[in-house]
Amino acid sequence: MMSRFLRLVALLALSLGGSLSLTACGNNLGSLASIPAPASGEYRVDTGDTLKIAIQDLDAADGEYVVDDSGAISLPMVKEIAVRGLTFREIGSRIEEQYRSAGILNTPIVNVQPATLRPFYVLGEVSQPGEFAYRQGMTVLAAVSAAGGYTYRASTGEVEITRTINGREVTGRADENSPIQPGDRIRVFERWF
C-alpha cells in the first residue's frame, strides 16, 4: 500500500514538472548540526532579563530593572549603564564605578541578583505551545514537559533549537538531555511515518 502511494506521489511530481519535493516525509533535523552547548561559567545578562539591584545607603535606587533593547538599564542619578553580556558580579562592579565616578557615593556596595530571566518558547507538536519561565539547569525534556508534553503526532527524541549566540541567531538540533538557555526557541516536529 505504501509503495503504491509513493509511486503515485512520484508520478504527480513528474506531471507537475518535478516541482514537488518529498521533504514533507521528514523533519530535516538530520541536515542540522547539533546546537552548540551553552558556554560554561556564570550567566550573562541580555535584553529582557530583570535584575534585582540593591545599593547600600541609596534606597532610592533599590528595585527591579529590565534590560532594554539596547542592552542597558537606567538607574537614578546616573545615566544608562550597558549590561548586556555581563555577569551579575560585573554589573555590580560597573554600577559601583558609576556612582563612585559621579561623586554620589564614596564606597558604594551593590548587590545584583536575577529577578526573572528571559523566557523560552516551545512550538510545534506539544500540548500547550507558548512562552515559559526559564529556570537554571533546564533541559529540552523539562521544556517540553512545561509545554504539556508531546502530542501523539510528535517526533520525539530530537528537536530544533534557535538560540542567539554572540548576537547571531544559530539553529541546530538537540536531544532531550541537552541544556537550554533563556530566549531559546524550541520546535518539536511532526512525525510522518
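The model is predicted. The protein contains three helices and 10 strands, and buried residues account for 35% of its 193 residues. An open sheet of three strands and an open sheet of five strands are described in turn below.

**Overall architecture**

- Read from the N terminus, the elements of the protein follow the order α-β-β-β-β-α-β-β-β-α-β-β-β.
- Of the contacts in the protein between residues at least 6 apart in sequence, 53% join residues at least 24 apart.
- The protein exposes about 11,500 Å², and carbon and sulfur atoms supply 52% of that area.

**The three-stranded sheet**

- This sheet is open, its strand order is β2-β1-β5, and its pairing is antiparallel.
- Strands β2 (63–66) and β5 (110–116) stand at the edges; each has a single partner strand, so one side of each is left without a neighbour in the sheet.
- From one strand to the next, the twist averages 35 degrees.
- Strand β1 (residues 50–55) and β5 run antiparallel and are joined by six bridges.
- Within this pairing, isoleucine 53 has valine 112 in β5 as its bridge partner.
- Helix α2 (residues 88–101) packs on the sheet and touches both β1 and β5. The direction of helix α2 makes about 130 degrees with that of β5.

- Strand β6 (residues 120–124) pairs with strand β7 (residues 130–132) in the antiparallel sense, over three bridges.
- These two strands, β6 and β7, form a hairpin with five residues between them.
- Tyrosine 121 has glutamate 131 as its bridge partner in β7, and valine 122 stands opposite glycine 130 in β7.
- On the pairing of β6 with strand β10 (residues 185–188), four bridges join the strands, which run parallel.
- Valine 122 takes part here too, with isoleucine 186 as its bridge partner in β10.

**The largest pocket**

- The largest pocket has a volume of about 870 Å³.
- Its lining consists of 32 residues, of which Arg44, Arg118, Thr164, Ile165 and Gln181 are the closest to its centre.
- Strand β8 (residues 158–165) gives the most to the lining of the largest pocket, contributing three residues.

**Valine 78**

- Valine 78 is located in the loop between β3 (72–74) and β4.
- Is valine 78 buried or exposed? Valine 78 has a relative accessible area of 11% and is therefore classed as buried, the cut-off being under 20%.
- Leaving aside residues up to four places away in sequence, valine 78 touches Gln98, Tyr99, Ala102 and Ile104.
- Valine 78 and serine 101 are 23 residues apart in sequence, and their C-alpha atoms are 9.8 Å apart in space.

**Alanine 82**

- Alanine 82 belongs to strand β4 (residues 80–82).
- The relative accessible area of alanine 82 is 43%, so this residue counts as partly exposed; that class lies between the limits of 20% and 50%.
- Which residues does alanine 82 touch, not counting residues up to four places away in sequence? Alanine 82 touches Gly71, Ala72 and Arg94.
- Alanine 82 and arginine 94 are 12 residues apart in sequence and 8.8 Å apart in space, taken from C-alpha to C-alpha.

How values were computed:
Residues numbered from 1 in each chain as written. Predicted model: local features only at pLDDT ≥ 70, side-chain atom pairs only at ≥ 80, totals over all residues. Heavy atoms only, no water. Pairing = 2+ DSSP bridges. Axes fitted to C-alpha atoms, helices over the stretch in contact; angles between N-to-C directions. Contact = heavy atoms within 4.5 Å. Buried < 20%, exposed > 50% of the residue type's maximum accessible area, 1.4 Å probe, protein only. Areas by Shrake-Rupley, 256 points an atom, 1.4 Å probe, with all protein chains shown as cover. 1 Å grid on protein atoms, 1.4 Å probe; cavity = no way out; pocket = protein on both sides within 12 Å on 5 of 7 lines; lining within 4 Å. Points joined across faces, edges and corners; volume = space filled by probe spheres on them.
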